[in-house]
Amino acid sequence: MESLYILIPISIILAFAIGYFFWWSGKNGQFDDLEGPAHRILMDDDHTFDKQPEQDKSS
């Protein structure tokens with residue numbers, strides 16, 4: 001029972017901290033573009049860069 005005197009205030013403080021950081025991230029534009037990164041993955045360039053550079057053939 002005595003542990004509730006510690007756990008309840010800690011849980012209230014934690015809930016306020018989580019709420020504050022959620023509000024802060026929304027205020028700073030964290031959730032402005034939710035679909036952009038998903039579309040960027042699909043529209044990635046299909047170039048492969050594993051080709052070796054050509055050697056100078058005059059040597």
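## A buried serine

Ser25 is buried, its relative accessible area being 13% (buried means under 20%, exposed over 50% and partly exposed in between, with a 1.4 Å probe and protein chains only). This serine sits in helix H1. A polar atom of the Ser25 side chain lies 2.9 Å from the backbone oxygen of Phe22.

## About the model

This is a predicted model, in which local features need pLDDT of at least 70 and side-chain atom pairs count only at pLDDT 80 or more, while totals for chains, interfaces and linings use all residues. Residues are numbered from 1 along each chain as its sequence is written, and side-chain values use heavy atoms, with hydrogens and water left out.

## Overall picture

Two helices and zero strands make up the secondary structure count (DSSP runs numbered from the N terminus: H or I of at least four residues for helices, E of at least two for strands). Of the 59 residues in the protein, 3% are buried. The protein exposes about 6400 Å², and 63% of that comes from carbon and sulfur atoms (Shrake-Rupley areas with a 1.4 Å probe; for residues, only the protein chains shown count as cover).

## Helix H1

Helix H1 covers residues 4-27, 24 residues in total. From first C-alpha to last, H1 reaches 34 Å, close to the 34 Å expected at 1.5 Å a residue (the expected span is 1.5 Å times one less than the number of residues). Just after H1 comes Gly29, with a positive phi of about 85°.

## Aromatic residues in pairs

How many aromatic pairs does a search of the whole structure find? There are two (ring centres of Phe, Tyr and Trp, the last by its six-membered ring, within 6.5 Å; planes under 30 degrees apart are stacked, over 60 edge-to-face, the rest tilted). Tyr20 and Phe21 make an edge-to-face pair, 5.4 Å centre to centre with 65° between the planes. Tyr20 and Trp23 make a tilted one, at 6.1 Å centre to centre and 35° between the planes.

Tyr20 and Trp23 are about one helical turn apart, because they are three residues apart in helix H1. Together, Tyr20, Phe21 and Trp23 form one aromatic cluster. Tyr20 itself is partly exposed, at 43% relative accessibility.

## An exposed phenylalanine

Phe16 also belongs to helix H1. At 63% relative accessibility, Phe16 counts as exposed.

Key
A polar contact is a pair of N or O atoms within 3.5 Å; within protein, one must be able to donate a hydrogen and the other to accept it, and residues adjacent in sequence count only if both atoms are side-chain atoms.
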